[in-house]
Amino acid sequence: MVEGVCFVVLVGLLGAALGLVFNHFLPLLLKLGVAPRGTFGWPLFGETLSFLKPHASNALGTFLLDHCSRYGKVFKSHLFFSPTVVSCDQELNYFILQNEDKLFQCSYPKPIHGVLGKSSLLVVVGDTHKRLRNVALTLVSTTKSNPEYLNDIERTAIHILDSWKGKQVVSFCEEARKFTFNVIVKQVLGLTPDEPRTAEILGDFLAFMRGLISFPLYIPGTPYARAVQARTRISSTIKAIVEERRRNGGNSNKNGDFLEILLSVNNLSEDEKVSFVLDSLLGGYETTSLLMAMAVQFLAHSPAALEQLKLEQQNIRSIKKHGDEYLNWEDYKKMEFTQNVINEALRCGNIVKFVHRKALKDVRFKVSSDYVIPSGWKVLPIFSAVHLDPSLHGSALQFDPWRWENAGQTCKKFMPFGGGPRFCPGSELAKVETAFFLHHLVLTYRWRTEGDDQPMAYPYVEFQSGLQLRVDPILSNRQVN
């Protein structure tokens, strides 16, 4: 009996090993001379470890520099356990994103599905994605110019900046995450920072974030296992809040938060609503806080840009009837140079370096192309390669907000939030929060960075030392009641 079980296990392991080997080498044999030039690297892992090697996020990294110089802007590799076509070409990247569900499809690694959940907007495809995205767009359009939402942003920003009084050094990444989490948890779930459930969700959410991009080994105690377990706990908490809202007739919150609107949507399942809330927390927390950190770090090293930004915000504040009057949507639209700073921080910082797609059929990008993207292969459009391409952006490695005064900065050159049908629906909310925080920051503090803390891609972006800032107050903080 035992021998029989051992034999079955041995055969299973051998079959799995052979399957991985065939997955690595078979594409070379069947598609020889058809796919772009390149190399597959080691069996099983291919070139994944080299591709993910940490590097400054405002640089390409040695992997892309080496492969582009050897094979051109489009090349083949073996990444994330799959034969892959890597694109550093702006035209091909745009073509891939615009042909979602026609020629290409979202295809994130299976372990990410295990953490995000099968109903996450980030991983679903086809009609399910369209349905969930339409709900997201409705929520965003309802929220972005809502005075109460804008007021919450300001109140939270001022509260954070007030907490800096008496401090000489602050860890800005920590402060930015605190700000974005408090804003998004209020907007999504109607919870304030001092409520016990807010701290509970934050603790689980941090465990979720740490395991989101980790080695996918589900063994108790590993970051991946903790992330999956944290998601389960967050889901339970969200479901409890949903039930509480329903018992109260859905009127426990009169500010029109996401959850209140979601409860009125009949074409979403319970799991989809929970995933929607989690996706909103993920996007509103990590992406926005990183954007804020990028802007603050780049401005610290660009005195001219900081001075012009400060002047713009002083002008906006000067036309308010009262010194403590709230900012509104019209004020945000007047922040033209602030928008330039935000766009340039996104271009230089590359919060999202690439996205995962796969080819649904053999694709020849152009008639003149000497290669075909084979059906079933993974396709990685590299946004950072386009953002840092000196042939597309003059002095591409320099932080230059004034370049955005040129109408030539087209969407094909700039895709920090993706593109096509999967363009991030919450991108405007991230910009509003960043702009409003910068408004109060530049009018309240001077700052300089401590050390040489650069944003690093791991592949997700982070500041190794948390972006330590030495801060000096320039005005007493005004209060918004």
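1. Some ground rules before you look around. This is a predicted model, where local features need pLDDT of at least 70, side-chain atom pairs count only at pLDDT 80 or more, and totals for chains, interfaces and linings use all residues. Residues are numbered from 1 along each chain as its sequence is written, and side-chain values use heavy atoms, with hydrogens and water left out.

2. Start with strand β3, residues 82-87. (Helices, H or I with at least four residues, and strands, E with at least two, are DSSP runs numbered from the N terminus.) Six of its six residues are buried, so β3 is largely enclosed by the rest of the structure. Buried here means under 20% relative accessible area, exposed means over 50%, and partly exposed is in between, using a 1.4 Å probe and protein chains only. In a regular strand, side chains alternate between the two faces of the sheet. Both faces of β3 are covered: Ser82, Thr84 and Val86 are buried on one side, and Pro83, Val85 and Ser87 on the other.

3. Now for the neighbours of β3. Strands count as paired if DSSP finds at least two bridges between them. Strand β7 (residues 378-381) runs parallel to β3 and is joined to it by four bridges, with valine 379 opposite valine 85.

4. Have a look at glutamine 313 in helix α13 (residues 303-318). Its relative accessibility is 0%, so glutamine 313 counts as buried. Its side chain makes a polar contact of 2.7 Å with that of threonine 338. (That term means a pair of N or O atoms within 3.5 Å; within protein, one must be able to donate a hydrogen and the other to accept it, and residues adjacent in sequence count only if both atoms are side-chain atoms.)

5. Phenylalanine 172 lies in helix α8 (residues 172-189) and is also buried, at 0% relative accessible area. Leucine 467 is 295 residues away in sequence, yet the C-alpha to C-alpha separation is 5.5 Å.

6. Which cysteine sulfur is nearest to that of cysteine 68? With a disulfide taken as a pair of cysteine sulfur atoms within 2.5 Å, the count is zero. Cysteine 68 is in no disulfide, and the nearest cysteine sulfur, that of cysteine 88, is 3.6 Å away. Cysteine 68 is partly exposed at 22% relative accessibility, while cysteine 106 is buried at 6%.
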